[in-house]
Amino acid sequence: MIKVLIADDQELIRQSLQIVLDSRENLQVTDAVANGQEAVGSVRRDRPDVILMDIRMPKMDGVQCTKIIKDQCPDIKIIILTTFDDDEYVYNALKYGASGYLLKGVSMDGLVEAIETVHSGRAMLNPDIAAKALKFFSQMAKADYSIPISDKQVETLTKTEWKIIGQVERGASNREIADALKLSEGTVRNYLSAILNKLDLRDRTQLAIWAVQSQAGKRLDNI
């Protein structure tokens, strides 16, 4: 059963989504809230697996809410579901860890497929949004975006932490890392938190970029 939280300031949309999603055997709507602040509180109470997040909401918008939730609960998957495809919204939502970005014209079957897809650890983007994302990452690559980590920081990493970094480099989810290394998901989360602190990184995205740049998988072979 996939637990879903709906965050949208339009009551009609919240109610409609809840009715349709609750009718699916493998989905359960844990809550339907009207803004980002309520979403953060709901996450703390119910720990949903997937959040359907609108962008423009009162009190706290979807981008800021995504950042806060992903910082606190990186395992939770977030799908931005909105009518807005502005470049700034797309870039910031993906930067802060959203796994999907869909426009509200998506069919209900398409939305259910997206929920199942991100829950499995993959991403789901509207075709137009995917084009924007590819353009953004291409620009980032051309800019030679790098994350500086000192040798002293790297030396503090343990062998198990290197194994986890190697899994992050491959794009594995916490669940996949736990299965691969025979650890619990809670233990993996604790290791990731320790790694981010040691390397002074903001989030998992920065860790993944640094892991690719530093060829963490090859380094592990020499430990």
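Student: Between which two elements is the loop in which arginine 47 lies?
Tutor: This is a predicted model, in which local features need pLDDT of at least 70 and side-chain atom pairs count only at pLDDT 80 or more, whereas totals for chains, interfaces and linings use all residues. Residues are numbered from 1 along each chain as its sequence is written, and side-chain values use heavy atoms, with hydrogens and water left out. Helices (H or I, at least four residues) and strands (E, at least two) are DSSP runs, numbered from the N terminus. On that numbering, arginine 47 lies in the loop between α2 and β3.

Student: What is the relative accessible area of arginine 47?
Tutor: With a 1.4 Å probe and protein chains only, buried means under 20% relative accessible area, exposed over 50%, and partly exposed in between. Arginine 47, whose phi is positive and near 45 degrees although the residue is not glycine, counts as partly exposed, with a relative accessible area of 37%.

Student: Is lysine 182 buried or exposed?
Tutor: Lysine 182 lies in the loop between α9 (174-181) and α10 (185-199), and has a positive phi of about 60 degrees although it is not a glycine. Because its relative accessibility is 72%, lysine 182 counts as exposed.

Student: How many of the 6 residues of β4 are buried?
Tutor: Both faces of this strand are covered, with Lys77, Ile79 and Leu81 on one side and Ile78, Ile80 and Thr82 on the other. β4 is therefore largely enclosed by the rest of the structure, and the number of its residues that are buried is 6 of the 6.

Student: Which residue of β5 stands opposite leucine 81?
Tutor: Two strands pair if DSSP finds at least two bridges between them. β4 and β5 run parallel and are joined by 4 bridges, while β3 and β4 also pair in the parallel sense, over 4 bridges. Within β5, the residue opposite leucine 81 is leucine 102.

Student: What is the handedness of the crossover from β1 through helix α1 to β2?
Tutor: β1 and strand β2 (residues 27-33) pair in the parallel sense over 6 bridges, and isoleucine 2 stands opposite leucine 27 in β2. A crossover is right-handed if, with the strands pointing away from the viewer, the path from the first strand over the helix to the second runs clockwise. The chain goes from β1 through α1 (residues 11-22) to β2, and this β-α-β crossover is right-handed.

Student: With which residue does the side chain of aspartate 75 make a polar contact?
Tutor: Aspartate 75 lies in the loop between α3 and β4 and is buried, with a relative accessible area of 17%. A polar contact is a pair of N or O atoms within 3.5 Å; within protein, one must be able to donate a hydrogen and the other to accept it, and residues adjacent in sequence count only if both atoms are side-chain atoms. At 2.8 Å, the side chain of aspartate 75 makes such a contact with the side chain of arginine 189.
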